[in-house]
Amino acid sequence: MRSLKPLVLLTLFCATSFLAGCRETNMNQDQTTPVGQNSARDSANDPLSIHKRAIAVDLHADTVQRVLDEHVDLQQQLSDGHFDAVRAKAGGLDAQFFSIWVEPQLFGGGGERAVKRADDQIAAIRALAEKHPETWQLATSAADVRRAVQDGKIAALMGLEGGYAIDEKLENVQRYYDRGVRYMSPAWSVSTSWAGSSGDAVGASRGLNDFGKSVVREMNRLGMMVDVSHVSDKTFWDIVNTSTKAVVATHSACRAIANVPRNLTDEMIRALAHTGGVVNVIFYPEHIEPGWSELKKRVDVEIAPMVQAASANEPGSAVQKKLARDRVRTREFAKRLPPVYASRIVDHIDHIVKLVGVDHVGIGSDFDGVQSTAADLATIADLPNLTKELLRRGYSPSDVEKILGGNMLRVMDAQQGK
Ligand SMILES: [Zn+2]
């Protein structure tokens, strides 16, 4: 990596110029050009035209928690974080799955507080689309996404991260489905009583219990995708063996490249593809860059006093204290950890394509859910850099369309029996 630095810097420079061009000229021009009426652009084979033609669907961003806890206005270009409407448009994003994430430590691993926290996030996404119909269109299906693209809007979709908010009640699966939620991961970093997590000790021996299997069957019945990101290996296999529909990973990568428990083994990737599903590759350095996780653990120890002081000095709520801790971590990670580049994300895409073909890979950024991002894919505005790297590696325009969102649209159609 280090010996490649001059090349990397050159790539970064080119990527920046590429984006500057995209924001100031082509993208603006596109806003006034009705879809399908610019044949020159529709057939152009430059990276930006290919990127613009593709329907880009990001499976995972944690931005809605910022709306609730930091009261950010997503219509403005924000000076921090990774996502807002301005940067999403600049990045040619067409559809965003917003993660409805209930952190168990702050909002309980179930119960009324967890349900309320999920409901508040769903309400915030609905309010966003209601207040700004010029930008957003609520979507619950692939057809809705395609319609939003036709209308020049960004589709807003929802996925429930961690099963805490169903509060161990089967009827709540439909409750969330009816509110627009279209995927759910059974556990985040803390196991539920019915599904093991890759993030805690109990998860190692916990799969799905009978209730967990009934949740998966209910999701299949409704057409809510089952997400294996964050679950333990045992739970992964129970899900794959229980689900009758395609299983997805909304934000995971390959353990063969970055050996962390959150990632999928080659055997898992093959099994997931066998269900017809898609691995949406996460952009987070810890999960994509070999050795980065170990370095981060060391840095976490070094900065622990600073992080604790920031928390102690924050007079606000537990949520505000967490935000204060995250701000210090973001700042210190940028200073103390080596940069990671989008080419590494494409290494994971390549690995999946070599294992199971190009029909089973997509993208799940985890923007606004992480304290570090790739240097040349730092926010959603940089998404065209991924397309550029895919094309540089020899992917065809139709491959790029599949990877950016086409594969997920196929899975979403199939969940609804289309
Ligand atoms: Zn996550």
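How many residues of strand β2 (residues 95–101) are buried? Seven is the length to keep in mind: 7 of its 7 residues are buried, and the strand is mostly covered. By buried I mean that 20 or more other C-beta atoms lie within 10 Å of the residue's own; 12 or fewer makes it exposed, anything in between partly exposed, with C-beta atoms placed from the backbone.

Two remarks on the source. Residues are numbered from 1 along each chain as its sequence is written. The model is predicted, and local features need pLDDT of at least 70, side-chain atom pairs count only at pLDDT 80 or more, while totals for chains, interfaces and linings use all residues.

The chain holds 18 helices and 9 strands. These are DSSP runs numbered from the N terminus: helices are H or I with at least four residues, strands are E with at least two. Of the 418 residues in the chain, 50% are buried.

Back to β2. Strands pair if DSSP finds at least two bridges between them. Strand β1 (residues 57–61) runs parallel to β2 and is joined to it by 3 bridges. Strand β4 (residues 154–161) also runs parallel to β2, with 7 bridges between them. Glutamine 96 of β2 is the bridge partner of aspartate 58, and in β4 the partner of glutamine 96 is alanine 156.

Next, helix α8 (residues 142–150). Its buried residues include Ala142, Val145, Ala148 and Val149. Seen down the axis of α8, the buried residues fall within an arc of 120 degrees, so they line one face of the helix. That arc is taken from the directions from the helix axis to the C-beta atoms. The buried residues of α8 pack against β1, β2, β3 (136–138), β4 and α18 (397–415). Contact here means C-beta atoms, placed from the backbone, within 7 Å. After α8 comes glycine 152, with a positive phi near 75 degrees.

Last, a pair of helices. The axes of α9 (residues 171–178) and α10 (residues 210–222) come within 9 Å and cross at roughly 35 degrees. Axes are lines fitted to C-alpha atoms, for helices over the stretch in contact, and angles run from 0 to 180 degrees between N-to-C directions. In this contact, Val173, Gln174 and Tyr177 of α9 meet Val215, Glu218, Met219 and Leu222 of α10.

Key:
Two residues are in contact if their C-beta atoms, placed from the backbone, lie within 7 Å.
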